[in-house]
Amino acid sequence: MQQFLGAPRAIVADLLNATAQLMPLRMSAPDSGMRIVLQAEPDASKVAVLSGGGSGHEPAHAGFVGPGMLTGAIAGELFASPGVEAVLAAIQACRAAPGVLLVIKNYTGDRLNFGLAAERARGDGIDVATVLVRDDIALPDAAQPRGLAGTVLVHKYVGHLAAQGVELAQIAERGQAFADRLLSLGMALSSATVPGQHQGKRSPELGLGIHNEPGARKADPQTLQDALDLVLAPLLEAADARLGADAPLVVFLNDLGGCSTQELGSLANGLIARIGLDRIALMVRPAALMTSMDMHGFSITLGPADADVLEALRAPVETLAWPGVSTPRPVTQFDPERPRATHTPGSGRRDAGLAQALRQAAETLVAAKEELDALDAKVGDGDAGSTFAQGASAVLEALQAETLSTGTPAQLAQELAALVEHSMGGSSGVLLSIMLTSAAQALTDGASWPEALERGLARMRETGGAGQGDRTMLDALIPAVAALRARPEDLSAAAAVARKGADATSQMAKAQAGRSAAVRAEALEGVVDPGAEAVARAFEAFAQAAASARST
């Protein structure tokens, strides 16, 4: 399975059913052979606005049916126009209205089918007018520019006019004038995956339509800025020519279907910076509104920022998909208040032996970076060695700068807690900082180092939710602290049980905490937990340095 879709013939029905179940809509009966959705209770005193076209562009068009936007939508098969009979049936369903406006994208099938349905409806005594959207600028010399994402803005504009009670002829005239001033251009890194078709993905292209047809030309963007420049340079040039140099703009960033939320955010940030806050009068909130299945690309639409356009786009609507609009503004920044240090780092006494033991343990972790990363790559995300090395490097720098109070236990614990919190990423740094912070308080209260570490370890277990046997660094840390509590002077014994605990993790078939908890049992077999291994190596190095200091 490559897509979360039903059978190709059922896709359109699935899409419309979902929309009709989530919104107060009426839907044509399945046995009619037509796919029409209408507002459940449209205002019969206002002009009805209908649109539609091939499916595969969701949420267009059914997602925009609701008060203040579309009265109804007619859907065809994937990338295929609905038939004349379906369009005519939708018009006839709105005959109680004082007129019906059809918004048509400029594709041959849509133009012909909607056009013929309009003629037949007029012959039946229904007042019908049309607005043709042709906002694509990919081929400047094209006799019939395609209708792209600008269609959504037209839906919003004419839907608002209709809701205000404007008469049909005026809506059509103003709607066409607005549509003719819209400019859109898209680019994609790869083409769409169309169910039932097996053509391969195409490489990056500029100037794509929304029916998976090839773009106007190949493209080769190397960066986000390259991609934006390829689209915005011709768009802004065309906007200056059509709307006036440096004229305020309405801006719409449309996801063609395959962009992640993060990509859309990066594109929006770059887009605002490239056009400039002063020129963007209003921006539709970035979203997938006129898609081409899962096409990995985006389109940008620019339009005039006339007063009536801004009013229409800002007006609230009751639809499934309209995302709303914003006026971009400068970012307001503030300086977060940092916790005040209770003392100056390194202002306490010094203990040369303890400093050397800390140095040797830290150097051991830095040297083990690649080995620990390799272990973590088998059971996690491959950065455990880097994480512990970052904390160890911070300790080495502090020792070099003499900002560790190695002879004042409570102060040293506080300093180490701050170091690992700020230098180590992920949960390991936070958990170790919790342990050391709690230990610092215990030392302030008069506890010994083993007692303080035991209290800190209890707080760490309570917060982190893991314990011995859960295949984490606690499998080495818990027995080591217990050994220190029993024999405070015997660091070698603590190192030995830490090593035994770390080695035991290689036989644990299931992790109960950390990233390894999501890894299957066979992948864990024979692999020592990298956190436990880091703790064991640190204890071994610390014990060795302490022993060397005692022998001299």
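Reader: Before anything else, what is a salt bridge here?
Author: A salt bridge is a side-chain nitrogen of Lys or Arg within 4 Å of a carboxyl oxygen of Asp or Glu. Keep in mind that this is a predicted model.

Reader: Ok. Which residue forms a salt bridge with Arg146?
Author: Asp136 does. The closest N and O atoms of the two are 2.7 Å apart.

Reader: Is Arg146 buried or exposed?
Author: Arg146 is buried, at 13% relative accessible area. Asp136 counts as buried too, at 7%. The reason is the cut-off: buried means under 20%.

Reader: How many salt bridges does a search of the whole structure find?
Author: The search finds 28.

Reader: Show me another. What does Arg499 pair with?
Author: One partner is Asp503, at 3.1 Å from N to O. Both residues lie in helix α16 (residues 491-504). They are four residues apart, about one turn of the helix.

Reader: And how does Glu540 come in?
Author: Glu540 also meets Arg499 in a salt bridge, at 2.9 Å from N to O. Glu540 lies in helix α18 (residues 530-551) and Arg499 in helix α16, so this pair ties together parts that are 41 residues apart in sequence.

Reader: Which residues are in the network?
Author: Glu371, Arg499, Asp503, Glu533, Arg537 and Glu540. Salt bridges that share partners join them into one network.

Reader: Arg499, Asp503, Glu540: buried or partly exposed?
Author: Arg499 counts as buried, at 19% relative accessibility. Asp503 is partly exposed, at 38%. Glu540 is partly exposed as well, at 30%.

Reader: New topic. How many helices and strands does the chain have?
Author: There are 18 helices and 13 strands.

Reader: What about its overall size?
Author: The C-alpha atoms fill a box of roughly 105 × 50 × 45 Å along the principal axes. The radius of gyration is 33 Å, while a compact globule of 552 residues would have one near 24 Å.

Reader: How much of the chain is buried?
Author: Of the 552 residues, 53% count as buried. The accessible surface comes to about 25000 Å², and 52% of that belongs to carbon and sulfur atoms.

Reader: Last one. How far apart are the mean positions of the positive and negative charges?
Author: They are 1 Å apart, for 44 positive and 61 negative charges.

Methods
Residues are numbered from 1 along each chain as its sequence is written. This is a predicted model: local features need pLDDT of at least 70, side-chain atom pairs count only at pLDDT 80 or more; totals for chains, interfaces and linings use all residues. Side-chain values use heavy atoms; hydrogens and water are left out. Helices (H or I, at least four residues) and strands (E, at least two) are DSSP runs, numbered from the N terminus. The radius of gyration is taken over C-alpha atoms; the globule rule is 2.2 Å times the number of residues to the power 0.38. Buried means under 20% relative accessible area, exposed over 50%, partly exposed in between (1.4 Å probe, protein chains only). Accessible areas come from the Shrake-Rupley method with a 1.4 Å probe; for residues, only the protein chains shown count as cover. Lys and Arg count as positive and Asp and Glu as negative; His and the chain ends are not counted. The place of a charge is taken as NZ of Lys, CZ of Arg, CG of Asp or CD of Glu.
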